[in-house]
Each structure stands twice: as C-alpha cells, then as structure tokens.
Amino acid sequence: MEQEQNNHSNPSGSPDQKKQAAFEAAKLTAWEGLKKFFSELLDIRSDTDRDATVAAVKKDIPFKGHNAWILIFSIFVASIGLNVSSTAVVIGAMLISPLMGPIVGVGLSVAINDVETLRRSLINLGVMVVLSVLTAFLYFTVSPIREETPELVARTYPTILDVLVAIFGGLALIVAKTKSGTIASVIFGVAIATALMPPLCTVGYGLAIGNLEFAGGALYLFSINAVFIALSTFLVAKLLRFPLVRYANSKRRKRIAQVASLIAVIVMVPSVWLFINLLDQQVFEQRTKDFVKNIIRYEGAEVVKFTQDYKSKNIDVYLIGQPVPQPKINQWMQELEATENLEGCNLRIYQGADRSGELAAQISGDLKADILEELYVKNENTLRDKNERIEFLEDEVARLTLREKVQFTDVTKEAKIIYPELESLSLSEKITDNFERVDTLSVFTVSWNNGLNRRERERNAEKLAAWLQYKMKLDTLAIEGN
C-alpha cells in the first residue's frame, strides 16, 4: 500500500533520474548526429558510377596512335629534364604522359575477374615499358651529356616514402576515377606524385652507359610504384563492390575467379613483405643517423663521414682530429647495443690520427675526394680573399701615396713663393722608440740660400715649421738642415 502511494506521488521518477535520462538521450542524439555527419562526409559509394569507371579504365589501356606518340615525346622531355637535372621539366613530362592506364587496368581487371581486360592491360603495360626504355636509351646514347645528375641518381633505389606515395596516390587516382565526372586535377597530381616515367628514363640511361646496377635499381623502383598503384585500385574496387564479370560457363567463371584470387595473393603478399622490409631499412638508416649525431661525440674529434649497411648491419664512422680512447669507443658500442632497432650492429671507428694507415686503407674514394674537394675549395676561397685584400691594400697605399705626393708638391711650390731663400725641401718619416711607445715623426729637411745668416735661418725655420704643421695637418714635425 505504501509502495503504491510512493509510485502515485512520483509517477515519472525523481529529478535526478529525469536529468540522467535527458543527458543519455542528448548524448545518444549527438552520437547519432556525429556518425551521420562522418558517414555522409566520407561516403563515396553513393556518388560512384561503376559502369562509367570500368569503361573509362578500359579506354585508357591501349597504347596506339596518339597515345604512343604522346608517350614517346613525353619520354624525350623527361630524359632531357633528367639529363640537365631540371625538376620543372620532369614534372611537365609527367603531366603529358599517359602511363597509368594499363596499371590501373591490371588492378581493376583482377578485382572484377575480367581476364580479357587483364590480358590487354598486361600486354599494353609491357609495350609501354619497352617503348619508354627504348626511347630513353636512344636519347642517352646520342646525348653528349653522360653525367649522373641528382635527378637520375634519385631514381635508382626505392624507399619507404616511394611505397607510401604509390599507395596513397593509387588510392586517390582510383577514387577520382570512380566519381561521377572524373576529377582531372587529381589524375594530373597523381601522375606527378607517383613518378612512373623518371624511373623508366633512368633504366634507359643505365643501359646507355652500360651500368646494369643503375638500370636494375630504377626498374625496381618503377615496379614498386606500378604494383602498389595496381594494388590500391584492386582494394578500392573490392571495397566499392564493383560487379564481377559474368561468364556463361560456370566452370570457367569459377576458374577465372580462382586465377584472379591467386594473382591478387601473388601481388599482395610480396608487396606486404616489401613494405615491411623497406620500412625496417628506413628505420635503421634514420636511427643510425640519430645515433651518430647524438652519441658519437668527443672533444677535439669530428665525424667526417659515416656509412651504414642494412644487410651486413655495419656502421662505419670516420673521425679526424684528437684520437678517441678505446674506453670511449667501448662506451659507444654499449650504447649502440642498447639502442632500439640497432641491436647486433657492428660499430667500426676509423680515426684520422691513426698512424697505422688503417684509415687510408678503409676510407672510400668518394670520401677522399670529398675531403680533398672541401680542402681545395676552402684554400681557394682563403687565397682569393687574401689576394683581394692585398690588391685592395696595394691600391689604397698607391692612392694615399699619390695623394701625399701631390699634396707635398703643392706645399713645396707654395713654400718657395713664401720663402724665396728656400733652396730645397724634402719630407721623410722617422720611427722612434723611447721604450715606452713607438711613434712616427714627419721630418722636413730644408736647405737655405747661402746669403742668409744663422739667425735668419733659425727664424725662417720656426715660421716654416708652424706653416707646414698647419698646411699638412700634422700634430708634430721636425725641421732639419742648414
């Protein structure tokens, strides 16, 4: 009976319960609104035109007629840019090059089980690679410039950044292609970012100069970019649920699906392994740089160069200056062993102060050249600065000497007018040292006419001294002579 009275007196709960219920309802509403906002913000399925995307990708696969000539000309432009190390020219070549069509075609055809499109994509991809390398090979064979420019060297080995750019560039490309009304600016931007053309030009350069290691590294970089762009296309097509190609024969459809799945696995597994391996290598190199910069320190010694080898785990550091004692080197080795990702590495120290000649035997030719070049440049700059300083001082002395000569000549002429009895007047500088300080004194030597007596000469000498001191703005002077 009492419980019924309580329920009747407070049928909708206590005020705290009401506040709690209102808070929960508001929180739920806010959460639902936030989910809806991000769902609409990131949703690309509603604006995806699957049929138009497949048609557009198939249209970009063939390399015939106009596309072939555009590719040839763009390869020439890119080769020239790499040859003269002009980034702007290389970027321009990448903008006009139709390279990514067959690569995107490979990824999409595997995703939708389209064997015919996969076959056409692979054939055209091969044609594209051969045509690009052949064009670059012909250019670098004819070109008189064979120097390894920074733009060429940068395309001879892949890094984890190249993989990341290929992944996100490929994702951006296929997402842009799936949108109703393709975003051309995205396609151009991906063409620049993924940089498919420069590695192929570098392959042609390596073959032209007979450097197979150079060509192989560039081809490896191109392969990584192509694989990850195709892989990104495959993943987006699967996420957007592109319809699979239907075959009348169920056995053939099943076999093609199995082949496509096998190809996807063959591409994905090595790609993941490659990504992890490059990531480990990049982390190793960065940790090595940080270790040498922060740990390898000793007063009086300086690091001239260091090298690291990811495969052998060797870290070679070259020092010049004060010899580092062995206990300090042992301390560095202990710290290296305790550094994450550098465990088990070999630290080898080569010191320029060693008389054993070990440094000279181990130091690389490049390092010797770098040191000699730096010393030569510094010496040249020092000598040039000294020569310029000497020339300046010589000019200044000559100018001052000429000015003093002209001034003294004017003074002597005027003195002769004032003192007709003056036969000659000369000026010299006398350096005196009274063991307290060194002073320079201007000494005038005069010669008077023999007709003047001693008193007249002394009187004229006093007047002449006062006049010369005023005229030539001298603090002190001396008059000598008869």
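Residues are classed by relative accessible area as buried (under 20%), exposed (over 50%) or partly exposed (in between), using a 1.4 Å probe and protein chains only. The structure is a predicted model, in which local features need pLDDT of at least 70 and side-chain atom pairs count only at pLDDT 80 or more, while totals for chains, interfaces and linings use all residues. Residues are numbered from 1 along each chain as its sequence is written, and side-chain values use heavy atoms, with hydrogens and water left out.

Side chains of opposite charge can pair when their charged atoms come close. A salt bridge was taken as a side-chain nitrogen of Lys or Arg within 4 Å of a carboxyl oxygen of Asp or Glu. Six salt bridges were found in a search of the whole structure. Three of them are described here, with helices (H or I, at least four residues) and strands (E, at least two) defined as DSSP runs numbered from the N terminus.

Asp 114 is buried, at 7% relative accessibility, whereas Lys 58 is partly exposed, at 32%.

Another salt bridge is formed by Arg 348 and Asp 316, whose closest N and O atoms are 2.6 Å apart. The two residues lie in strands β3 (residues 346–351) and β2 (residues 314–321), respectively, so the pair ties together parts 32 residues apart in sequence. Arg 348 is partly exposed, with a relative accessible area of 35%, and Asp 316 is buried, with a value of 10%.

A salt bridge also links Lys 471 with Glu 414, the closest N and O atoms being 3.3 Å apart. Because Lys 471 lies in helix α17 (residues 454–471) and Glu 414 in helix α16 (residues 365–418), the pair ties together parts that are 57 residues apart in sequence. Lys 471 is partly exposed, with a relative accessible area of 30%; Glu 414 is partly exposed, also at 30%.

Surface patches were built from residues with over 30% relative accessible area and no salt bridge, joining like charges within 9 Å and nonpolar side chains (Val, Leu, Ile, Met, Phe, Trp, Tyr) within 5 Å. Accessible areas come from the Shrake-Rupley method with a 1.4 Å probe, and for residues only the protein chains shown count as cover. Leu 28, Trp 31 and Leu 34 make a nonpolar surface patch of about 320 Å². Leu 34 is found in helix α2 (residues 15–42) and is partly exposed, with a relative accessible area of 41%.
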